[in-house]
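The following exercises ask for a close reading of a structure.

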Amino acid sequence: MKLLPDYRRWLRAGIVSPEQTAGATAGFSRLRTVLIGPLALVAVWWLAFDAQWVSHKLLPSPWTTVQSLWESVASGAMTKDFLSTFNRTLSAFAIAAVAGIPVGILFGSNQKIYRSIEFLVDFFRSTPATAMFPLFLLIFGIGDFAKIAVAAFAAWLVVVFNVAYGVMNARQTRILAARVMGASSWRVFRDVMFFESLPQTFIGLRMAVSVALVVIIVAEMFIGSSDGLGRRIIDSQQVFDLQQMYASIIASGVMGYGVNLFFLAIEKWLVHWSGK
Amino acid sequence: MSAQTEPRLRPVPAEQAVHGRQTYITVRGLSKQFAGSPLYADFNLDIPQGKFTSIFGPNGCGKSTLINMIAGLTPVDAGDILFDGKTLKETTIGYVFQNYRDALLPWKRALDNIKYPLEIAGKSKSERTRRVEELIASFDIRFDLSRYPYELSGGQQQLVSIMRALAPHPEVLFLDEPFSALDYEMTLFIRDKLQEIFRATGVTMLLVSHDLEEAVYLADRVLLLTKRPTQVAETVHFHAPRPRDADTLSTEDFIRTKARCLEIFQREVRR
């Protein structure tokens, strides 16, 4: 008995293309392979809990943790924190993208400007953004905006660097092809260099949103915040509610992963030629 | 008989050359340094109108650099290049790159790639559509042009490149080793398409090739270059009637012309 449909027959009949069949058969076995890791982690967690390798105080069982996560979500207790963190991250990211893309394009399209600021960008990219907390607190006060500003700054550097890199590495032949057709510099820029830089820009945007989330979570923990997942994680640790702490960590992971997935999907749709 | 050769070009004043009926592209006093040593020094060249000219020469003599300078892709250090007396800016040209993968715009469908030079030239939507339909008919295209370039085979992509280059009715078509990234079957196919288009339109064509057989097969004139600093060693004419086909390759005329070219080439390589 066959579990999988006979793609070869469909293929002969011209219903599906070869790429589709390859994708579908690979899809099933890939899904199975992909699940091995997560299931193994849960198994180890459960074993560690059940055999008391780690004290129950430090490691609750996976089931009670999931239960706790579910209850927090269902009761709406976690939703507010989740949304605050999400909003802050998106605000920081939006600032970084809006301010970073034009600057990146400017830096990338002018060798002289790029070389003169390359060191600064590299230096600040290597400086931990969290080291800037006190400075930003001084400038922006202890309100919400200080946190968003630090995260935006860190994400901005990532955007600038990647966009500039994308513009600089635009394929020369494509630029020449447009120029030989009589395209003006502006046209070459708008019709060729902009699109050429998109794949790298998207890589930058994806990295930027991750950086923004990291900084926001840390900021919520340590620079006075009344809500947010970072706050929730540190609060539950303080009162030793470890189920809640793990649940909140998982929630922040879900946010990071979800945002990343979302950007990958947009990227695949918008920059369909990337890597081809 | 048809494998005549011309002596090396003596510099002719640009005005005089322009008024000569046959001459189309005039290159005068061209100089180009490359990594500190002269690649071209006081180089002169006349390309006739409506002819197919192949350029062949030793490695590193700057065959591609030459057509790139004529096409305005590589700046010259000194010298004048005129198209029937006009500057490059006043002239519509087409250029087919060796690497079609890098030359087409992958974010545009094949159809829009072909339309792109017309868009730059400010042609209306209906004009663009009409021109593309004309090209599809004359190329006898049977694949789907609404696909993206990366969804097409290499040969199809290069065909799209050639159609794009021809779309704005160029006065000259530059071809920089257009077949070297294609398999043999596709090379033969596109070669003959190109010959067909050449016969139908009479557009001046300038081909850089590293394959002597191909260079002679397609050409009215084969321009043989020297080692650097590069000069024209000799111009060999080939008058076989068109359309040429596989039989042309075994004619005495072809074999003699090719042998003559090879002889000059080897003399220049050893020099």
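For the classification of lining residues, Ala, Val, Leu, Ile, Met, Phe, Trp, Tyr, Cys and Pro count as nonpolar, Asp, Glu, Lys and Arg count as charged, and the others, Gly among them, count as polar. The model treated here is predicted.

**Exercise 1. The largest cavity**

Determine the volume of the largest cavity, the residues that line it, and how the lining of the largest cavity divides by class.

Solution. 

Step 1. A search of the whole structure returns 2 cavities of 30 Å³ or more. The largest cavity holds about 80 Å³ of space.

Step 2. From chain A, the lining takes A177(A), V180(A) and M181(A). From chain B come I93(B), G94(B), Y95(B), F97(B), P117(B), S161(B), R164(B), A165(B) and P168(B).

Step 3. At least two lining residues each are supplied by α8 (172-180) of chain A and by β6 (93-96) and α6 (154-166) of chain B.

Step 4. Sorted by class, this lining comprises 9 nonpolar, 2 polar and 1 charged residues. Under the classification, Gly counts as polar and Arg as charged.

**Exercise 2. The second largest cavity**

State the volume of the second largest cavity, and give its lining by residue and by class.

Solution. 

Step 1. The volume is about 70 Å³.

Step 2. R174(A) and K276(A) line this cavity from chain A, with R101(B), L104(B), P106(B), P149(B), Y150(B) and Q157(B) from chain B.

Step 3. The class count for this second lining is 4 nonpolar, 1 polar and 3 charged residues.

**Exercise 3. The largest pocket**

Which residues lie nearest the centre of the largest pocket, and how many residues line the pocket?

Solution. 

Step 1. The largest pocket contains about 500 Å³ of space.

Step 2. Its lining has 19 residues, and R179(A), V180(A), M181(A), G182(A) and T91(B) lie nearest the centre.

Step 3. Two or more lining residues come from each of α8 of chain A and α4 (110-120) of chain B.

Step 4. By class, the pocket lining divides into 11 nonpolar, 4 polar and 4 charged residues.

Step 5. V180(A) and M181(A), listed here near the pocket centre, also belong to the lining of the largest cavity.

**Exercise 4. Y95(B)**

Is Y95(B) buried or exposed?

Solution. 

Step 1. Y95(B) belongs to strand β6 of chain B, and Y95(B) is part of the lining of the largest cavity.

Step 2. The relative accessibility of Y95(B) is 5%, so the residue counts as buried; the cut-off for buried is under 20%.

Step 3. Y95(B) and P241(B) are 146 residues apart along the chain, and their C-alpha atoms are separated by 26 Å.

**Exercise 5. A nonpolar surface patch**

Identify the residues that form the nonpolar surface patch and the helix that gives the most to it.

Solution. 

Step 1. The patch covers about 900 Å² and is made by V42(A), V44(A), W46(A), L47(A), W53(A), V54(A), L58(A), W63(A) and F240(A).

Step 2. Helix α2 (residues 18-50) of chain A gives the most, with 4 residues.

Step 3. W53(A) is placed in the loop between α2 and α3 (62-75) of chain A. At 59% relative accessible area, W53(A) is exposed.

Step 4. F240(A) occurs in the loop between α10 (229-238) and α11 (242-270) of chain A. With a relative accessible area of 49%, F240(A) is partly exposed, since exposed requires over 50%.

**Exercise 6. Backbone geometry**

Where do positive phi values and cis peptide bonds occur?

Solution. 

Step 1. In chain A, F240(A) has a positive phi of about 60° although it is not a glycine. Q52(A), likewise not a glycine, has a positive phi of about 55°.

Step 2. Q52(A) sits in the loop between α2 and α3 of chain A and is exposed, at 51% relative accessible area.

Step 3. The R228(B) to P229(B) peptide bond is cis, with omega near -5°. P229(B) lies in the loop between β9 (221-225) and β10 (232-237) of chain B.

Step 4. The bond from R242(B) to P243(B) is also cis, with omega near 0°. P243(B) is in the loop between β10 and α9 (252-270) of chain B.

**Exercise 7. Helix α2 of chain B**

Solution. 

Step 1. The buried residues of α2(B) are K63(B), T65(B), L66(B), I67(B), N68(B), M69(B) and I70(B).

Notes: Residues are numbered from 1 along each chain as its sequence is written. Chains are lettered from A and ligands numbered from 1 in the order in which they are written. This is a predicted model: local features need pLDDT of at least 70, side-chain atom pairs count only at pLDDT 80 or more; totals for chains, interfaces and linings use all residues. Side-chain values use heavy atoms; hydrogens and water are left out. Patches are made of residues with over 30% relative accessible area and no salt bridge: like charges are joined within 9 Å, nonpolar side chains (Val, Leu, Ile, Met, Phe, Trp, Tyr) within 5 Å. Accessible areas come from the Shrake-Rupley method with a 1.4 Å probe; for residues, only the protein chains shown count as cover. A salt bridge is a side-chain nitrogen of Lys or Arg within 4 Å of a carboxyl oxygen of Asp or Glu. Buried means under 20% relative accessible area, exposed over 50%, partly exposed in between (1.4 Å probe, protein chains only). On a 1 Å grid over the protein atoms alone, a cavity is a set of points where a 1.4 Å probe fits but cannot get out, and a pocket is an open set with protein on both sides within 12 Å along at least five of seven lines; lining residues have an atom within 4 Å of a point. Grid points are joined across faces, edges and corners, and a volume is the space filled by probe spheres set on the points.
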